[in-house]
Amino acid sequence: MIDLLVVGGGPAGLATSLYAARAGLEAVIVEQRPGTLDKACGEGMMPHALAHLDRLGVVTTGRTLRGISYHAGATRIEAAFRGGVGRGVRRTTLHAAMSDAARTAGVKFVLGTAGEITQDANSVRAGQFRARYLVAADGLHSPIRRDLGLSRPAAGPRRWGIRRHVQMAPWTDHVEVHWSSEAEAYVTPVADDCVGIAILSAGRGGFESKFAAFDELRQHVAGHEFGPARAAGPLRQQVRNRVAGRVLLVGDAAGYVDALTGEGMGLAFSAAEALVDCVVRGRVDEYDRRWRALTRRYRLLTEALVQAGAVPAVRSRVVPAAAALPRVFSAAVNLLAN
C-alpha cells in the first residue's frame with residue numbers, strides 16, 4: 001500500500017513528495033496535466049523558501065534577490081533581506097527542477113486523475129489507488145477540498161492576479177512592488193533576459209487595462225516584447241480544516257489570503273514538511289494546528305495590508321508610511337522572508 005498519494009504535481013505536491021521520500025515513505029504523484037507546468041505567480045522566492053529547496057536537493061537557476069522595495073510615484077522605500085538572499089525563478093524552471101529531484105528520489109508519477117475518494121479506518125482509496133494517506137495539492141480551487149466539504153465562503157476583498165514576462169535585462173535585484181490607486185504591480189527579475197510583472201487588483205480586467213496605471217513602469221519596459229498573460233483568482237480561499245480523516249490539504253488547497261507579501265511558495269514548502277512529519281509520527285490530527293501556527297504571521301500581516309488597500313484613503317498612505325518608518329518596514333519584510 002502506498003504511504004502518500006499526492007494529488008497535484010505543482011510545487012506544493014512535489015515538495016510533499018520530496019519530504020516524504022526523505023522520510024523513507026513511498027509517495028506517488030497523480031497529475032492530470034502533462035509536461036512542465038506554468039502558473040500565474042510572482043515567481044519571487046524568499047530566503048526561507050530557498051532553504052527548503054536546498055534541503056530537498058533542488059537546484060534552480062534564476063536571479064538573486066536581495067530585498068523588497070515599495071514604489072508609489074516619487075516615494076520609494078526598500079528593505080534588504082538579513083538572513084540570506086532570495087531568487088527570482090521562472091515557474092516552469094522551478095517545476096522542472098523539482099520534478100527532476102522527485103524522480104531522482106524515487107517518487108512515482110502517474111498521469112491522470114485520482115477519481116472518487118473513499119476512506120476507512122486504515123486507508124484511503126482514490127480510483128485505482130489505495131494509500132495510507134492522501135494529500136490534496138490540487139490548487140487554489142481544489143476539487144478535493146470542495147467535495148469533502150472543507151471549503152467555506154471567503155469573507156473580505158476578492159482579488160485576482162495576472163502575470164506577463166518582458167524580454168529584457170533586469171534593472172533591479174529587488175522585488176519591486178509598485179502601488180497605484182487600485183492595484184499593485186510586482187516586478188521580479190527571473191533570468192538574465194527576462195523580468196516578470198504580476199498585477200494584483202480587486203477588479204477584473206486584462207493586463208493592459210491594469211498596467212496603464214503604472215506610468216513609470218510602462219516607460220521602463222516600453223519597446224520590449226511581452227509574453228502571454230496568465231491569470232488566477234479569486235485569490236482568497238478559506239478552509240474549515242486541513243484534515244478530513246486520512247486526507248490532508250497542502251499548498252493553495254489548504255487556504256490562501258493573498259499574494260501581496262509573496263509568501264505562497266515558502267508557506268507551501270513549510271506546510272509540506274510539517275505534513276510529512278505528522279504522518280511519520282502518526283499524528284495527522286495535529287496538522288491543522290501546525291498549519292495555523294506556521295502561517296499565522298503571514299495571515300495577520302497580509303490580511304492587514306489587503307484590508308488597508310481596500311480603503312482608498314488608507315491605501316494612498318501605505319508606501320509613504322513605510323518610507324517614514326524604514327525600520328518597521330524592514331522588520332516586517334524580514335519577519336516574512338526568513
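A salt bridge is taken here as a side-chain nitrogen of Lys or Arg within 4 Å of a carboxyl oxygen of Asp or Glu. By this criterion the structure holds 25 salt bridges. The model is predicted, so local features need pLDDT of at least 70 and side-chain atom pairs count only at pLDDT 80 or more, while totals for chains, interfaces and linings use all residues. Residues are numbered from 1 along each chain as its sequence is written, and side-chain values use heavy atoms, with hydrogens and water left out.

**Salt bridges**

| Asp 147 | Arg 146 | 3.2 Å |

Helices (H or I, at least four residues) and strands (E, at least two) are DSSP runs, numbered from the N terminus. Residues are classed as buried under 20% relative accessible area, exposed over 50% and partly exposed in between (1.4 Å probe, protein chains only). Glu 184 is buried because its relative accessibility is 0%, and Arg 315 is also buried, at 6%. Asp 147 and Arg 146, by contrast, are both exposed.

Asp 285 is exposed, at 52%, whereas Arg 283 is partly exposed, at 35%. Both belong to one network, joined by salt bridges that share partners, which also includes Asp 277, Arg 281, Glu 286, Arg 289 and Arg 290.

Helix H7 comprises 17 residues (264–280). The expected span of a helix is 1.5 Å times one less than its number of residues; for H7 this gives 24 Å, which agrees with the 24 Å between its end C-alpha atoms. Of the 17 residues of H7, 13 are buried. Gly 282, which follows H7, has a positive phi near 70°.

A cavity is a set of points, on a 1 Å grid over the protein atoms alone, where a 1.4 Å probe fits but cannot get out; lining residues have an atom within 4 Å of a point. The whole structure has one cavity of 30 Å³ or more. The largest cavity holds about 100 Å³ of space, a volume being the space filled by probe spheres set on the points. H7 gives the largest share of its lining, four residues. Among the lining residues are Asp 252, Glu 263, Leu 267, Trp 291 and Tyr 298.

Conventions
On a 1 Å grid over the protein atoms alone, a cavity is a set of points where a 1.4 Å probe fits but cannot get out, and a pocket is an open set with protein on both sides within 12 Å along at least five of seven lines; lining residues have an atom within 4 Å of a point.
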